[in-house]
Amino acid sequence: MRRLFLLAPLLLLTVGCGAVQSSEGEATDAAREAARRVGERLYGQRPRTAEEVGRSASGMDGVAVLRVAGTSTHDGDGVDVVVRTSGSAYNTWFDPEEVVVWRCFAVRVSPKSEWREDPRDVDCPGGPALTFAPAPEPPRLPYEELRAKLPRVPEGGRVDEAEVRRTLAALDLDPAILAEVKEDGGRIGVLLSVKGNGFDAQDCLLARVGPGATEVWVPPRIHRMPGEGGCTVGNALDPKPSPH
């Protein structure tokens, strides 16, 4: 029994040294997990340029982007982003204070990437973190203006397509806004849209001018998803039913 008591301090010292070493390891694991979360948030099939990927990563809390390699997610091996993240660990028995480490990892963004793909440990590049200009804002679709200026046709009246087109021309639309007009059965359908990326909901505005009613609306988000047909002039003439 006495021999066991004599061994106890030695065992505690050995465990204590291991704990001090493992604190840095645990902190590094935490930094790696933070980099893995960066990859999760960047994961997806939507094509993006290297600048878009870098901008997205740099906007995440606790993440510094130090290097971006590649042209776009869908070219070659995709985009590699080197990020610096931090991790911490604290063993109250053996650490005098919290252990904090900063580590760098390479995160790959590509259609071939796997979900929760492990980031690669890399040396931190020298120099400051990269900065990115804000993403350009998409043009605002003129909902109020269109609703105020489209012609109102009385019951039994005739809709003038040329007048509708003149109204659109007078709005002086941003060149990025696409306009489409179609006549069907005495009604005029109008579509104003901004080109989408093929993955997210598209921005669009619909209007229909007919005898006794002029309407302007934004289709529900589910209808504006790719393949749903919500942002078409046909949907302006014959709206899809509400998803609710």
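Reply: Happy to; keep in mind that this is a predicted model, and we can go through it piece by piece.

Me: Great. How many helices and strands does the protein have?

Reply: There are 5 helices and 8 strands. Starting at the N terminus, the order is α-α-β-β-β-β-α-α-β-β-β-β-α.

Me: Is the protein a compact globule or more spread out?

Reply: More spread out, because its radius of gyration is 29 Å, well over the 18 Å that the globule rule gives for 244 residues. The C-alpha trace spans about 110 × 40 × 30 Å along its principal axes.

Me: And how much of it is buried?

Reply: Buried residues are 35% of the 244. The accessible surface is about 14,800 Å², with 53% of that belonging to carbon and sulfur atoms.

Me: Let's look at the sheet with β1 in it. What is the strand order there?

Reply: It is an open sheet of 4 strands, ordered β1-β2-β3-β4, with antiparallel pairing. The edges are β1 (64-69) and β4 (120-122), each of which pairs on one side only. On average, neighbouring strands are turned by 35 degrees against each other, direction ignored.

Me: How many bridges join β1 to β2?

Reply: 5 bridges, with β2 covering residues 79-89. If you want a pair to click on, V68 stands opposite V81 in β2.

Me: Which strands does helix α2 lie across?

Reply: Helix α2 (residues 50-58) lies across β1, β2 and β3 (99-109), and it runs at about 165 degrees to β1.

Me: Which strands does β7 pair with?

Reply: β6 pairs with β7 in the antiparallel sense over 6 bridges, and L191 stands opposite L206 there. Strand β8 (residues 213-217) is joined to β7 by 5 bridges, also running antiparallel, with V216 as the bridge partner of A207. β7 and β8 form a hairpin with 2 residues between them, and G212 in the turn has a positive phi of about 90 degrees.

Me: I noticed S193 in β6. Buried or exposed?

Reply: Buried, because its relative accessibility is 7%, and the cut-off for buried is under 20%. Beyond its neighbours within four places in sequence, S193 is in contact with L141, A176, I177, L178, Q202, D203 and C204.

Me: Last topic, the nonpolar cores. Which residues touch the most other members in the largest one?

Reply: L146, V190 and L192, out of 18 residues in that core. The elements giving two or more residues to this core are α4 (161-170), β5 (177-184), β6 and β7. β6 gives the largest share, 4 residues.

Me: What does L146 contact?

Reply: Setting aside neighbours within four places in sequence, L146 is in contact with L168, L171, L192, L205, A207 and V216. A second, separate core has 16 residues, including A35, V79, V83 and F105.

Key:
Residues numbered from 1 in each chain as written. Predicted model: local features only at pLDDT ≥ 70, side-chain atom pairs only at ≥ 80, totals over all residues. Heavy atoms only, no water. Pairing = 2+ DSSP bridges. Axes fitted to C-alpha atoms, helices over the stretch in contact; angles between N-to-C directions. Contact = heavy atoms within 4.5 Å. Buried < 20%, exposed > 50% of the residue type's maximum accessible area, 1.4 Å probe, protein only. Rg over C-alpha atoms; globule rule 2.2 N^0.38 Å. Areas by Shrake-Rupley, 256 points an atom, 1.4 Å probe, with all protein chains shown as cover. Core = buried A, V, L, I, M, F, W, Y, C linked by side-chain atoms within 4.5 Å.
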